[in-house]
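Here is a friendly walk through one protein model for anyone meeting it now. Keep the viewer open as you read.

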Amino acid sequence: MSVDPARKRKTRAVTLLTVALLLAGALVYTSFSAATEAATPSQLVASADPERSYELTGKVVDGSVRREGERLRFSVRDRGGRTAIPVAYAGVVPDPFREGREVIVKGRVAHGTLVAERDSLVTKCPSKFTEKEAARA
Amino acid sequence: MAAVGSACLFVALLSALFAVGASLYGVRPGRRRWIDSSRRAIYALAALVLVAFGLLEAAYVTSDLSFEIVTQSSSTDTPTFYKLTGLWSTQEGSLLLWVMLLSIFSSAVLFATRRRLREIVPYATAVLGAIAAFFLTLSVFAESPFTLLAAPPAEGNGLNPLLRHPAMMIHPPMLYSGYVGFAIPFAFAVGALVTGRTGADWIRATRRFALVAWTFLGLGVMLGALWSYSELGWGGYWAWDPVENASIMPWLTGTAFLHSVMVQEKRGMLKVWNVSLIVATFVLALLGTFLVRSGILSSIHAFGASTLGPPFLAFIALVLVGSVALVLARLPVLRSEAQLDSLASREAVFVLNNLVLVGLCFVVFWGTFFPLISEAVTGTESSVGPPWFNGYVTPLALVLVLLAGIGPVVAWRRATPANLRRAFAVPTAVAAATLAALLLLTPAAESAPSLIMFTLVGFVLAVVAQELWRGTAARRTMTREPAPLALARLVARNRRRYGGYIVHAGMALLFLGVAASSAFVDQRDTRLVPGQTATVGDYAVTYRAPTARFLDDRSGTGAPVTFGAVLDVRRRDGGESFRLRPSRNYYAASEGGGPMGTFGRFFQGESTTEVDVRWGLRRDLWTAVQPDLRALIGPIREANRRFSGVPVEAQALILAAIVERYRREAPPATFRTLVSPMIAWIWIGGSVALLGALLALWPTAGARSQRVTSLYAARLGRELSRA
């Protein structure tokens, strides 16, 4: 039995397109459902869903970093404000981590504290090496 | 010096603009000399940019602090090796590096094609000139590397300690060479589209450049991963960080391109696909360059917000829109010359491989830009993490490795059952045996993806070995050479083909390392005091003693203070035992900065993890230490109180005493220890792939023998016609 080649090509193209669309749909769906919402300290202090995971961005409050055994505790404040939320973190502390620097840390909020996922701390590169204003000053 | 450099860049910009104008003007018949002139303008451009680059490097080596960028990223006490690399850690320097590499690549390709592709070359020259002009415009008018400071400071900032790693000397230039290299096939594709000469000529002319770009980019990505593993204190090599993703995306589409162009060369198919792929690759390369510098996505690499966002985005948009319009306008001449005959054919496998690679690229793209996408759609910025990426990438990678085994040996057009049997009987048996052995002898079944990956790796290696074996055997029956010689000559005579096979074997080994190390790693974070022991996997790790060094940094990064630990590591079943010495380097905070005073600033600046790894084919033992410096606060305060005013030499003695105090007090320290099985195979596989790529790139005697053969054929033809 021979199939018309044009029809065969059409079937292939339709199959391929369907698979691609299904995959793209899965991609879109899973990314939205698995995503972690970015939040600032003031947003989390105001209202935080304990079931959800957040990605907190802000600056490490001066004088707030303490080590408790294997845990690191510090507070993160808004970039341009003073509202702060305490963070409990375990795992690798990135080399540039320091008070006053901008960090991103992921976790859930429990009793007003962000309990961070292990190794989720990212520190942005220190401004000394980036901002020209710093060099000029 | 700065004036000379600025002038060089300005004249280079004029050369680039002249090259664009002259090459387009020279397209008309009888204006051949304008084309030659535009080519020479590109050579001049390369020379001028090289001079500018050389002047800047000289300023770095001599620590000329009147240069703004030298002040930013170097200092008199930065080790010379890292002075040299300081240039491309700055935005100005990296732009210049980009345009320098572009001008070198452009000169090379225009020299190679100076007597060929007469229709396409002028347009390609114009495209390359325009790209160079864009970057030079930024360098001349917005981000001049030759900006001078009115009042040079006494000392510069020094190179960011995180970048003080040998891989950083080569990683950025490699990545940039990769990004830039794809400009060459892109420019020729544009030329082919404009002239309507959309056969395989442009592909043949730039194939080697595409392969060079691919090799550089792959090597750059691998060195970045190695840097992450051996310099950053987290123990991994890939984190789906936006900038890593940006570098892998053009590599994926570039890999697809290298495969799909073979289908066009052989069968005249996939023309639209090929030009689209190279456009996508080049746009992604531009995007990669842009992402590192833009700061629009949060990343450890995002070196602050830059002013270059708008012009860069406009340029990327222009390239994308222009290329798409050109492809659409030329659709009629991009018709396929043939149809896919069968799904059991090499072209079908290549198409599938392309779809998987492009799918992978799309996954990475979506995940990387998801923060922007979600903000546009829902109004809140959110991001996806490594588990999301892994969920898609793992199955796609498995399919890819399977195809890497099938593609090289399945027949073109339509494979017969006999062909399939001959090609796959042995490899399938090897794969089955691998699977059985893994199930019986190892705990590999605990991770299904890894188990499948190991089996597929066995399959790919068997395919490559079988091909080498058959080729060698065939050659020996004809030549009676000894086996090693026959193998060497076989590979040397078919470099492109066997180079490709070796790349496939290398990638299989790389995935072996990825699968084993990601599924079976043992990791432990512990806080120990000297004498205590922690167990990690099959190893017992004992914290023997702390170490403290002052002005004696063994890794050559120029850090004044180093604290570390001596660890005794013993296999618990009584096997090997060895010592590891992880440490941490401390760089002084700038003078007067920090609340800790004269002496405290030496412990308050940047600090970097210096990992110690016991490398091994079977497993790596990786350790990092985070010393606890609280014990030093008292001594530092006391020193600040009593000795702040003493001369510098005396300060050094006191500092040495404080540093020594750490060793004597021996406070607890936090350790991260990893036992990573077979992770070394990532680097080994990558090196094998590199070797294969170099083999495929090496100029063959083929080109010459082809010429000789065609001369011979012509003579034969003449003689036959006379007869």
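This is a predicted model: local features need pLDDT of at least 70, side-chain atom pairs count only at pLDDT 80 or more; totals for chains, interfaces and linings use all residues.

Residues are numbered from 1 along each chain as its sequence is written, chains are lettered from A and ligands numbered from 1 in the order in which they are written, and side-chain values use heavy atoms, with hydrogens and water left out.

**Chains and domains**

Let us begin with chain A. It has three helices and eight strands (DSSP runs, H or I of at least four residues for helices and E of at least two for strands, numbered from the N terminus). Among its 137 residues, 36% count as buried, meaning under 20% relative accessible area with a 1.4 Å probe and protein chains only, where over 50% is exposed and anything in between partly exposed. Of the chain A contacts (heavy atoms within 4.5 Å) with a separation of 6 or more, 50% join residues 24 or more positions apart.

Chain B is divided into four parts, with bounds from an automatic or database domain assignment: domain 1 (1-159), domain 2 (165-412), domain 3 (416-494 + 504-518 + 682-691) and domain 4 (522-678). Taken over C-alpha atoms, the centres of domain 3 and domain 4 of chain B are 44 Å apart. Their contact draws seven residues from domain 3 of chain B and five residues from domain 4 of chain B.

**Cores and single residues**

A nonpolar core here is a set of buried Ala, Val, Leu, Ile, Met, Phe, Trp, Tyr and Cys residues joined through side-chain atoms within 4.5 Å. The largest one has 137 residues, and those touching the most other members are Trp98(B), Ile131(B), Phe135(B), Leu136(B), Phe188(B) and Trp202(B). A separate, second core of 32 residues includes Val561(B), Ile636(B), Leu655(B) and Val659(B).

Leaving out residues up to four places away in sequence, the neighbours that Trp98(B) touches include Ile131(B), Phe135(B), Tyr176(B) and Phe282(B).

Is Thr85(B) buried or exposed? Thr85(B) has a relative accessible area of 3%, so it counts as buried. This residue belongs to helix α4 (residues 80-86) of chain B, and, again without residues up to four places away in sequence, Thr85(B) touches Leu159(B), Met168(B) and Met169(B).

Val292(B), in helix α11 (residues 271-294) of chain B, is also buried, at 12% relative accessibility.

**Cavities**

The whole structure holds three cavities of 30 Å³ or more. A cavity is a set of points on a 1 Å grid over the protein atoms alone where a 1.4 Å probe fits but cannot get out, and its lining residues have an atom within 4 Å of a point. Points are joined across faces, edges and corners, and the volume is the space filled by probe spheres set on them.

| Cavity | Volume |
|---|---|
| Largest | about 200 Å³ |

The largest cavity is lined by 18 residues, and the closest to its centre are Gly91(A), Val92(A), Gln626(B), Thr670(B) and Arg672(B). Two or more lining residues come from each of β10 (619-627) and β11 (669-677) of chain B. By class, the lining has six nonpolar, five polar and seven charged residues (Ala, Val, Leu, Ile, Met, Phe, Trp, Tyr, Cys and Pro are nonpolar, Asp, Glu, Lys and Arg charged, and the others, Gly among them, polar).

For the second largest cavity, α2(B) gives the largest share of the lining, four residues.

Key: On a 1 Å grid over the protein atoms alone, a cavity is a set of points where a 1.4 Å probe fits but cannot get out, and a pocket is an open set with protein on both sides within 12 Å along at least five of seven lines; lining residues have an atom within 4 Å of a point.
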